[in-house]
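Subject: Handover of a structure, with notes

Dear colleague,

Please find below the structure that I am handing over to you. My notes on it follow directly after.

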Amino acid sequence: MKTSVKLICMAVLAIAVSCAKTPSASDGKVSFRLSEDYTLVDVTKSNVSDYTALPDASAFTLIIRDAESVEFWKGNISDWDAETRIPAGAYTATATFGSLEDEGFDKPYFEGEQTFTVAGDQTSEVTVPVALGNTVIRVECTEAFRNYFKEYAFSLVRGNVELAKFNKGEDKAAFVDAYNLSINGTFTNEVGQASKISQELTGLAPTKAYTCLFDVDVVGGKTIILHFNDTVETIDLGDIELN
């Protein structure tokens, strides 16, 4: 009887071992790296580092999806184990840093993706190109403008939400989503007359840096000139006298 029981137990154990999952010859391995392009498209071909600190590659989030867009893995790219076995097939790797919805000073959003194929019993090296996914906007004022107004401030606004405020002398740039933006301004001249403006900013695109340059019409005396994205907008201030 004892012998029969022992034989049965050995048979059950053999079945369990045979059913255990073992690496398949059709599985492969993948290692990832980032290829960062932090160049901005503007007149001076500037770099994102001119406006904020650049993130370390290890701070990016990595998402791996299969051909059906089903998420296979998500986490910090530095936590990915290159020894992980992946079933053979087609995949997409997406790398991101920050959030497009989080806007303001020092809030860059980087993104990029790369398709790749896993082959059986092979190791693939995948490079994911990443670039700025939001827009950089800064504000500058001419000397004539600064001479006319003792106090001034500007705000980037979407709807009723203020995304970034540029007080007098602010030289930082704001990182924002390139969608339905306006710039509002308030001014007070040397004799205490106050005025305000609101101007829509159009034609924005990701990976670009824009400058809102404000000037005054010395001859007309009642207008502000906005230079933006290769266009010039003349804004009437109404009854205020600038000269």
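Which residue in β12 is the bridge partner of phenylalanine 105? The partner is alanine 174. Before the wider picture, two remarks on conventions are needed. The model is predicted, so local features are reported at a pLDDT of at least 70 and side-chain atom pairs at 80 or more, whereas totals for chains, interfaces and linings use all residues. Residues are numbered from 1 along each chain as its sequence is written, and side-chain values use heavy atoms, without hydrogens and water.

Overall content and confidence

The protein chain contains 2 helices and 17 strands; these are DSSP runs numbered from the N terminus, with helices being H or I of at least four residues and strands E of at least two. Of its 243 residues, 38% count as buried, where buried means under 20% relative accessible area, exposed over 50% and partly exposed in between, with a 1.4 Å probe and protein chains only. The accessible surface of the chain is about 13700 Å², and carbon and sulfur atoms hold 50% of that; the areas come from the Shrake-Rupley method with a 1.4 Å probe, and for residues only the protein chains shown count as cover. Among contacts (heavy atoms within 4.5 Å) with a separation of 6 or more, 59% join residues 24 or more positions apart.

The average pLDDT of the chain is 85, and 84% of the residues score at least 70; pLDDT is the predictor's confidence in each residue, from 0 to 100. Residues 1–23 have a pLDDT below 50, and this stretch has 1 contact beyond near neighbours in sequence. Residues 239–243 are also below 50, with 22 such contacts in the model. Where pLDDT is low, the predicted coordinates should not be read in detail.

The open sheet

An open sheet of 6 strands runs in the order β6-β12-β9-β15-β16-β17, with mixed pairing; two strands pair if DSSP finds at least two bridges between them. Because β6 (104–105) and β17 (231–236) are at the edges with a single partner strand each, one side of each has no neighbour in the sheet. The partner of β6 is reached through 2 bridges to β12 (residues 174–176), and the two strands run antiparallel.

The hairpin of β13 and β14

Strand β13 (residues 181–189) pairs with β14 over 8 bridges in the antiparallel sense. The hairpin has 4 residues between these strands, and glycine 192 in it takes a positive phi near 90°. Alanine 194 belongs to β14 (residues 194–201), and threonine 188 stands opposite alanine 194. Beyond neighbours within four places in sequence, alanine 194 is in contact with Phe187 and Thr188. Its relative accessibility is 60%, so alanine 194 counts as exposed.

In a regular strand the side chains alternate between the two faces of the sheet. Ser195, Ile197, Gln199 and Leu201 make up the covered face of β14, and Ala194, Lys196, Ser198 and Glu200 the uncovered one.

Two loop residues with positive phi

Asparagine 180, in the loop between β12 and β13, has a positive phi near 45° although it is not a glycine. Asparagine 180 is partly exposed, at 48% relative accessibility. Threonine 207, in the loop between β14 and β15 (209–216), likewise is not a glycine and has a positive phi of about 65°. Its relative accessible area of 22% makes threonine 207 partly exposed.

Cores and cysteines

The largest nonpolar core has 28 residues, and Ile137, Phe145, Phe154, Leu156, Ile183, Cys212 and Phe214 have the most contacts inside it. Such a core is a set of buried Ala, Val, Leu, Ile, Met, Phe, Trp, Tyr and Cys residues joined through side-chain atoms within 4.5 Å. Another core, apart from this one, has 27 residues, including Ile77, Trp80, Tyr91 and Val136.

How many disulfides does a search of the whole structure find? The search finds 0, a disulfide being a pair of cysteine sulfur atoms within 2.5 Å. The sulfur of cysteine 141 is 9.9 Å from that of cysteine 212, its closest cysteine sulfur, and is therefore too far for a bond. Cysteine 141 is buried at 14% relative accessible area, and cysteine 212 is buried at 0%.

With kind regards
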